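Let's take a walk through this model together, from its helices to its charged pairs and its surface. Have the sequence at hand as we go.

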Amino acid sequence: MSFSFSNSAIEELKDRVNIVDVIGRVVPLKRSGSNYKGVCPFHSEKTPSFVVSEQKQIFTCFGCGASGDMIEFVKRYYNLDFTEAVEKIAGEYGIVLEKRQSDGRREKYYEVNRLAARFFYRAFTEKANPGYSYMKKRGITPAVLKKFGIGYADSEWTSLVDYMNSQGIENRTLIELGLAAESRGRVYDKFRNRVMFPIINTSGKVIGFGGRAVSSQDNPKYLNSPESLVFRKKNNLYGLNISRQNVGKDGFIILVEGYMDVIALYQGGVHNVAASLGTALTENQAALIKRYTDSAVLSYDADSAGRNAALRGMDILKKENLKVRVLHVTDGKDPDEFIKKNGKEAFLKLVEEALPYGDYKLEAAKSGIDMSSGEGRIDYIRRAAGIIASMSPVERDIYIAKAAKEAGVSESAVRMEIMPESEGASPGDIHSHRLRRSDDESDTENPHVIIGRDRDLLTLSVRSEKYIDTISTMPDIFALDVSRKIFDVIEKDFRENGNLDINRVLDTLPDEERELLTEACESTPYYEDEEKVLADCMRDWKLSSLADEEERILTMLSLADETGNDDKLSSLMERLKNIQLEIQAERNLG
C-alpha cells in the first residue's frame with residue numbers, strides 16, 4: 001500500500017522521535033560534549049567520525065560526508081525511499097500519521113509472494129527433496145542457503161495452489177503473479193520440480209521468483225516470474241538486498257550473470273555482488289547501483305555473448321557516471337566454478353586486474369582484425385576513433401596515446417581520425433598557424449597539456465568570440481594559472497580590436513603558452529551545442545568550488561570537535577549539510 005504524508009505529519013514525527021534513539025538502535029553511540037559519536041555505518045573506518053547532534057537533530061560523517069536528519073538516516077541505512085522510511089519510523093514508535101492510501105493491491109501481492117517463499121522454503125528444508133540434493137551437490141552450505149531463502153517447488157501439479165487457496169488467496173491473484181497458470185479451466189502450479197530463488201528488493205519484500213530445473217528433462221532450464229505490479233526486472237538486481245551494505249563499504253559492486261554466481265561468490269567471501277535478472281543491464285538498474293556506489297566491475301562469461309553483454313553494460317553504467325571495469329574469469333569458467341576451485345584471493349586478484357572502460361573498449365575493437373597488416377591497423381584506428389570520440393577530454397588524451405601505440409601510428413593521426421582537419425578550418429585558420437618545430441623534434445617532447453574545463457573554455461573563446469564576455473566575468477573559473485593568462489591575452493585582443501584574430505593572439509603568446517593553446521584547440525572536436533558546453537563548464541566550476549568548501553569545513557569541524565566548541569560544531573554541520581545538498585542538486589541537474 002502506498003502512502004502520502006503531509007508536511008505537518010512529518011513535522012509531528014520529528015517532534016516526537018529523537019534522532020539519537022533512532023540511530024542508537026543500530027549504531028553504538030557515545031556522548032561527546034553535547035553530541036554523540038560512533039563508527040559510521042556507511043563506510044569502513046576504525047576511528048569514529050560519525051557525529052549525531054541531538055540539538056540540531058541531524059547526523060554527519062566527517063569521513064564519507066553522509067549527513068541529514070533521522071529520515072535520511074533510515075533511508076540510507078535500510079535503503080528505503082522517503083515514504084517507506086517515514087512509515088518505518090512511525091511504526092516502530094507506535095505513531096499513527098495521517099496518510100492517503102492506494103487500493104492495497106501492491107501490499108497484497110507482497111504478502112502472497114512472502115507466503116509462497118515460506119512455502120517453498122519449508123518444502124526445501126523439512127524433508128529430503130531433489131532441490132536440496134542439487135544445491136548440496138553444487139557445494140552450497142546450509143547457512144548460505146538460509147541466507148538467500150532458497151526453496152523448492154515439488155513436482156506435484158497443485159501443491160502451491162492448494163496451499164494458497166487454504167490461506168484464502170484466490171487463483172486470479174496467483175495467476176497475476178505468475179505463481180500459477182490456467183489451461184482448459186484448470187489452475188496449476190507454474191513452478192514444478194525446481195530450486196526456487198526468491199527475488200527480494202532492497203526494502204526486504206519478495207517481488208518474484210527464479211526457478212532452476214532440477215531435472216535435465218524439464219524445460220526451460222530457468223523459469224522466472226513475469227512482470228507484475230510489484231516486479232519489474234529492469235528496476236531490480238538479484239542479491240542486492242543482502243549485499244548493499246558491503247557494496248557501500250567496499251566502494252564498488254561486482255555484477256555477475258546468474259543466481260548461482262551471486263550465491264557462490266557470497267559463500268566464498270566476496271559479499272559486494274549482485275546480478276541482473278535474466279536481462280541486459282538497464283538504465284534503471286544503473287541508477288539503483290548509483291545509490292550505493294560509483295564504481296562497478298562486470299564479471300560476465302568470457303564467450304562472445306558475455307563479451308557483448310559486457311560492452312552493452314559498460315555503456316549503460318557509464319551514462320550513470322559510474323566508473324566501470326570488466327573482468328573475464330580465466331579458462332572460460334564462470335565465477336561460481338572459479339571461486340570454488342581457486343578461492344577468494346584468486347578471484348579478488350582478477351578483480352584487481354579488471355580492465356577499465358577505455359582499455360576494454362579498445363581491446364574489443366581489435367576483435368576480428370589482423371593487426372599485423374596495414375589494412376587491419378587502419379580498421380582498428382577507425383573503430384578506436386569512434387570509441388574515443390565519445391569520451392571526456394581527459395579520457396581522450398589518455399586513449400588517443402594508447403590507440404596510437406597499439407596501431408603504431410602517430411597520436412596526431414588518431415586525433416585527425418576523430419576530428420578530420422577539413423572540419424577544423426576556422427576561426428583564424430588556427431591549423432595553419434602551428435608552432436614551428438625543428439625536423440628532429442618529437443611531437444610528444446612537451447608533455448604539458450591543458451585539459452578538461454580549461455580546454456573547453458579556451459576553445460569556446462577562440463571559436464566563438466561571443467563567449468569571451470561571459471567567461472571574463474568569472475575570473476576563478478580556470479583551474480590553471482596558465483589558462484587564465486592565455487585567456488587574458490585572448491580577451492585583450494578582442495577588446496582592443498573589436499574582434500578576435502587568433503593569429504594575432506598566437507603571435508603575442510610566449511612559445512610554451514602558444515603551444516598549449518594550439519594543442520588545446522586542435523585536440524578538441526567541434527561542439528554540436530556550444531551553450532551546453534559552457535553550461536557544463538560553469539556547473540563543473542561550481543561543483544569544484546563547493547567541494548573545496550566542503551573539505552575546508554570538514555577540517556574546521558575536526559578542530560571544533562577537538563576544542564569542545566559545540567556551538568561552532570553545530571553551525572558547521574548545518575553548513576556542511578547545505579553544501580552537500582547543493583552538490584547533490586548540481587549533480588542531479590547534470
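The paragraphs below go through helix packing, salt bridges and a surface patch.

First, some ground rules. This is a predicted model, in which local features need pLDDT of at least 70 and side-chain atom pairs count only at pLDDT 80 or more, while totals for chains, interfaces and linings use all residues. Residues are numbered from 1 along each chain as its sequence is written, and side-chain values use heavy atoms, with hydrogens and water left out.

Let's begin with helix 10, which spans residues 240–250; helices here are DSSP runs of H or I with at least four residues, numbered from the N terminus. Its buried residues include L240, N241, I242, S243, R244 and V247. Buried stands for under 20% relative accessible area, exposed for over 50%, and partly exposed for what lies in between (1.4 Å probe, protein chains only). Look just past the end of helix 10 and you will find G251 with a positive phi of about 85°.

Next, turn to helix 20 (residues 452–463) and helix 22 (residues 481–497), whose axes lie 11 Å apart and pack at an angle of about 10°. The axes are lines fitted to C-alpha atoms, for helices over the stretch in contact, and the angles run from 0 to 180 degrees between N-to-C directions. Helix 20 and helix 22 are therefore roughly parallel to each other, a label given to angles under 35 degrees. On the helix 20 side, D454, L458, S461 and V462 make the contact, and S483, I486, F487 and I490 do so from helix 22; contact means heavy atoms within 4.5 Å.

Helix 25 also has a residue worth a visit, E530. Leaving aside residues up to four places away in sequence, E530 touches L460, R463, S464, K466 and Y467. The C-alpha atoms of E530 and D456 are separated by 9.6 Å, although the two residues are 74 residues apart along the chain.

Now for the charges. A salt bridge is a side-chain nitrogen of Lys or Arg within 4 Å of a carboxyl oxygen of Asp or Glu, and by this rule the count comes to 30. One of them joins E92 and K88, with the closest N and O atoms 3.0 Å apart. Because E92 and K88 are four residues apart in helix 4 (residues 82–92), about one helical turn separates them. E92 is partly exposed at a relative accessible area of 37%, and K88 is partly exposed at 27%.

Other pairs reach further along the chain. D469 and R495 meet in a salt bridge of 2.8 Å, N to O. This pair links distant parts of the chain, with D469 in helix 21 (residues 468–472) and R495 in helix 22, 26 residues apart. D469 is partly exposed at 39% relative accessibility, and R495 is partly exposed at 44%. E549 forms a salt bridge with R575, where the closest N and O atoms are 3.1 Å apart. Here E549 sits in helix 25 (residues 530–562) and R575 in helix 26 (residues 566–589), again distant parts of the chain, 26 residues apart.

Our last stop is the surface, where V394, I398, V449 and I451 form a nonpolar patch with about 280 Å² of accessible area together. V394 belongs to helix 18 (residues 393–407) and is partly exposed, at a relative accessible area of 35%. Patches are made of residues with over 30% relative accessible area and no salt bridge, joining like charges within 9 Å and nonpolar side chains (Val, Leu, Ile, Met, Phe, Trp, Tyr) within 5 Å. Accessible areas come from the Shrake-Rupley method with a 1.4 Å probe, and for residues only the protein chains shown count as cover.

Conventions: Helix = DSSP H or I, 4+ residues; strand = E, 2+ residues; numbered from the N terminus. Parallel < 35°, antiparallel > 145°, perpendicular 65-115°, else oblique.
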